[in-house]
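Biologist: Could you take a close look at the aromatic rings in this one and walk me through how they pair up?

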Amino acid sequence: MLSAAHDILSHKRTSGNQSHAVLLADILPTLVIKLLAPLGLHLLPYSPRVLVSGICAAGSFVLVAFSHSVGTSLCGVVFASISSGLGEVTFLSLTAFYPRAVISWWSSGTGGAGLLGALSYLGLTQAGLSPQQTLLSMLGIPALLLASYFLLLTSPEAQDPGGEEEAESAARQPLIRTEAPESKPGSSSSLSLRERWTVFKGLLWYIVPLVVVYFAEYFINQGLFELLFFWNTSLSHAQQYRWYQMLYQAGVFASRSSLRCCRIRFTWALALLQCLNLVFLLADVWFGFLPSIYLVFLIILYEGLLGGAAYVNTFHNIALETSDEHREFAMAATCISDTLGISLSGLLALPLHDFLCQLS
C-alpha cells in the first residue's frame, strides 16, 4: 500500500514534501496507538481489535486505489498505519497465552511481510497491472487475516507458555477456534498503575536498545539510502535504491526467522553495532571512500540482519523473563520501541538528507 501511495502521489502535482507527508501519515497513528497500549488499550477485547485492524487494512487499499487527491491518499496511509499499529500491539499481546516459540513464528511473519509486500507490488506492476488494480487485487489479504483469526486460530488454554516441546505439542493440535481469548488466567487486566509502572521500568533494559537499533537503522534508510549513489555501475539511481530496500528487507526476514539457530541475550551489543553502521555509512556519504556498490550491498544486508535480530530477541527475552501475570502487558508496552526509534530518526534524518543534498 505504501509503495502504491508513493506511485500514485508521484503522478499528481504535489510539492517536494510528499515523501515527508507519507512518512508522517504512516508513523504518527501507529505511534499514538502504541503509546496508548500500556495505558489500557491492551485491555480491550481481542476480537474487536482484530476486526478493526482488518477493516482499516482493507480501507487503506480502497482509499488509495480510488484516490483523486493527495488528501485521500494520505487518509489511506493513515488507515494502513492504524491497522499495522493496532495489529502489532494486539498479536504481540496475544502471544502471552501461547507457547514462547510463537514469538519466533510471529517475528518471521513480520520479516516476510516487508519483503513479500514490496516484491508482490513490484511483480504485479511489472506484469502490467496499474497501481490501482494491484491494490484492489490485494483485498484478499485483510480477509485472510480475519479468517485466520476467527476461524483458524486455536483458542489458548490456561497454561504456562512453555518452550519448544510445548510448542510442538500445540502445533499438533487441531487449528480450530472454539472461543475468543478475551479473558484468560494470567491476564494483565488486574494490574494496578503502580504495578504497570514497576514492570515498565524493568522493561527499559530491553526497550532502550531496541529504540537505538531502530533509530540508527531508519536514519540510514530515510536519510542516507538515496545519497549512497555509485556512478561506476550499470544500475540507475532508482535501481540502486530498490536494491538497497530489497537487501535490507531480506536481512530483516532472515534474522527474524533465526531464533531457533541463534539467540542473543545482550541486545545492547546489537544497538552498538547498528550505530557503528550509521557512522560508517554517514562517513561514506560525506567522503565517498567506498569503491564499489557491492560493499554497500553487504553493509545494508548486515544492517537488516542486526535490526531483525534485535526485534526477535528482545521479545523472546521478555517472554522468558517476565511472569505470566505481567507478560501480556510487557509485550504491549515494548511495542513502542520500533515506532519510537523510527519517529526520532525521521526528525533528524530527513533534515540531514535535505542538507546533504544541498551540499552536493
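Modeller: Here is a look at the ring pairs, with a bit of background to begin with. This is a predicted model, so to speak of local features we need pLDDT of at least 70, and side-chain atom pairs count only at pLDDT 80 or more, while totals for chains, interfaces and linings use all residues. Residues are numbered from 1 along each chain as its sequence is written, and side-chain values use heavy atoms, with hydrogens and water left out.

Of its 360 residues, 46% count as buried, meaning under 20% relative accessible area with a 1.4 Å probe, protein chains only; exposed is over 50%, and partly exposed lies in between.

Now the rings. A pair of aromatic rings is described by the distance of the centres and the angle of the planes. Rings of Phe, Tyr and Trp (the six-membered ring for Trp) pair if their centres lie within 6.5 Å; planes under 30 degrees apart are stacked, over 60 edge-to-face, and the rest tilted. By that rule there are 17 aromatic pairs.

Take Phe91 and Tyr149: their ring centres are 6.2 Å apart and the planes sit at 70 degrees, so this pair is edge-to-face. The pair links distant parts of the chain, with Phe91 in helix H4 (residues 70-94) and Tyr149 in helix H7 (residues 140-152), 58 residues apart. Tyr149 counts as buried because its relative accessibility is 2%.

Tyr294 and Phe297 are also an edge-to-face pair, at 5.6 Å centre to centre and 85 degrees between the planes. These two are 3 residues apart in helix H12 (residues 293-321), so about one helical turn separates them.

The charged end of Arg49 sits over the ring of Tyr46, 4.6 Å from its centre, and Arg256 lies over the face of Tyr311, at 3.7 Å from the ring centre. For that, NZ of Lys or CZ of Arg has to be within 6 Å of the ring centre and within 35 degrees of the ring normal.

How values were computed. Helices (H or I, at least four residues) and strands (E, at least two) are DSSP runs, numbered from the N terminus.
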